[in-house]
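Q: Can we go through this model together? I'd like to start with the aromatic rings and then move on to the core.

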Amino acid sequence: MLRSRKQKKRRRIEDLTEKMAVDVSAGDWDGRWNHVKNFLERSGPFTHPDFEPSTESLQFLLDTCKILVIGAGGLGCELLKNLALSGFRHIHVVDMDTIDISNLNRQFLFRLKDVGRPKAEVAADFVNNRIPGCKVVPYFKKIQDFNESFYRQFHIIVCGLDSVIARRWMNGMLLSLLSYEDGVLDTSSIIPLIDGGTEGFKGNARVILPGISACIDCTLEFYPPQINFPMCTIASMPRLPEHCVEYARMLQWPKDKPFGDGVVLDGDNPEHIQWVFQIAEERAAEFNITGVTYRLTQGVVKRIIPAVASTNAVIAASCATEVFKIASSAYIPLNNYLVFNDVDGLYTYTFEAERKENCSACSQVPQDLQFPPSAKLQEVLEYLTENASLQMKSPAITTTLEGKNKTLYLQTVASIEQRTRPNLCKTLKELGLADGQELAVADVTTPQTVLFKLNFTT
């Protein structure tokens with residue numbers, strides 16, 4: 001009798017599965033998008049004043065709208081799921097990382113068998129197989145690997161990143177796509193950016209309309225300042241265990257090339273971390289510094305930020321809602337910053353972050369650098385990296401002297417760094433710089449070169 005009941009139940013499940021397969025193969029089934037139609041085919045007390053209910057909005061979401069999701073980690077997995085279930089079918093996702101076993105507790109599109117595979121590819125396969133009609137296109141690359149024409153094809157870009165540097169680079173790219181005619185912004189060149197971020201039980205979501213609302217760099221003070229150490233300290237006078245790790249990471253790795261030419265240091269590769277740890281230990285012993293451990297080494301290299309699954313879910317839901325608002329024009333989008341905190345109880349609020357008139361990214365005005373002629377180039381470098389409104393990572397400084405371009409300092413190429421390092425200890429006057437001199441600064445935080453005007457003080 002018990003076996004007979006189990007067999008009947010199994011047959012019912014098989015019949016239901018077969019029916020679902022038939023429905024899926026036939027395309028959209030009746031009632032599939034009713035939950036979305038409720039928002040798009042009727043008015044309500046919260047709809048946009050200019051919104052006109054129609055069936056065209058849903059068809060735009062289903063057939064036309066292209067969304068780019070940057071990051072396929074904790075936030076990215078939630079975003080892909082939310083967007084696909086909301087009717088967006090043309091989704092692209094970019095992520096440069098592979099799956100680590102530590103990701104599995106919160107990045108729910110991945111399984112144990114996927115460890116070692118690219119996050120973007122696994123996430124795309126999962127969503128494509130699970131949600132009929134959805135086409136997620138993965139890219140196992142860095143965002144810096146794509147040119148302007150790639151980003152122009154999207155209607156909306158959503159960031160689920162754990163890196164302020166990557167956010168700023170994406171912000172700079174979208175600003176570079178803006179078109180101006182006689183100083184007036186062409187609104188058709190605007191690609192909205194929805195940015196989400198989490199750290200432990202705290203998170204935020206924001207809507208950025210490049211050229212109109214506050215950009216990432218306008219509110220750089222909101223982010224915790226990154227920890228940077230002067231190159232002279234790292235190279236010559238280390239005092240902390242972190243200095244030793246940075247010495248191994250920034251100077252010895254590109255010089256020794258322990259795993260071959262062109263191999264980038266991977267914070268998730270135990271062999272790479274072990275090599276950096278050993279070099280850091282040797283450096284620490286040379287200067288009688290204690291405290292260098294494998295765990296510290298990994299933390300410094302990876303810039304580890306804690307993550308909680310529930311926070312990711314809340315922030316991703318907020319970001320996906322804003323994408324839906326903008327794509328459908330049915331509701332007024334967030335203006336323009338939401339903060340979420342559930343460390344002690346539950347607290348959330350929104351506010352409007354204002355644009356900075358002298359923002360280095362979106363103001364289109366050269367930035368002023370106030371220094372006396374006796375200041376050393378090292379002081380300028382420290383200002384660029386430590387100033388709360390700039391927070392550059394590894395600025396390369398060039399200028400024009402006697403009609404020729406001259407590199408004053410470049411950190412990212414070992415041979416040029418070694419050649420230009422003596423300039424750090426020279427004064428601005430000794431370098432031949434004059435009052436009003438323009439300095440061009442390139443950095444990993446932006447795809448554009450930032451211009452600064454040097455103003456000598458007495």
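Q: Is F277 buried or exposed?
A: F277 is buried, at a relative accessible area of 12%. Buried means under 20% relative accessible area, exposed over 50%, and partly exposed in between, with a 1.4 Å probe and protein chains only. This is a predicted model: local features need pLDDT of at least 70, side-chain atom pairs count only at pLDDT 80 or more, and totals for chains, interfaces and linings use all residues. Residues are numbered from 1 along each chain as its sequence is written, and side-chain values use heavy atoms, with hydrogens and water left out.

Q: Which ring does F277 pair with?
A: Y294, in an edge-to-face pair with 6.1 Å centre to centre and 80 degrees between the planes. Rings of Phe, Tyr and Trp (its six-membered ring) pair if their centres lie within 6.5 Å; planes under 30 degrees apart count as stacked, over 60 as edge-to-face and the rest as tilted.

Q: Where do F277 and Y294 sit in the chain?
A: F277 is in helix α10 (residues 270–286) and Y294 in helix α11 (residues 294–302), 17 residues apart. Helices (H or I, at least four residues) and strands (E, at least two) are DSSP runs, numbered from the N terminus. Y294 is partly exposed at 29% relative accessibility.

Q: How many aromatic pairs by this rule?
A: The count is 18. One of them joins F39 and Y331 edge-to-face, 6.2 Å between centres and 75 degrees between planes. F39 lies in helix α2 (residues 34–40) and Y331 in the loop between α12 and β9 (337–341), 292 residues apart.

Q: And Y331, buried or exposed?
A: Y331 counts as buried, at 16% relative accessibility, whereas F39 is partly exposed at 41%.

Q: Switching to the core. Which residues have the most contacts inside the largest one?
A: I67, L80, F88 and I91, in a nonpolar core of 48 residues. Such a core is a set of buried Ala, Val, Leu, Ile, Met, Phe, Trp, Tyr and Cys residues joined through side-chain atoms within 4.5 Å. Helix α12 (residues 309–328) gives the largest share, seven residues.

Q: What is L80 in contact with?
A: Beyond its neighbours within four places in sequence, its contacts (heavy atoms within 4.5 Å) include V69, I91, V93 and L109.

Q: Which residues are in the second core?
A: That separate core has 29 residues, including L369, L377, M392 and I397.
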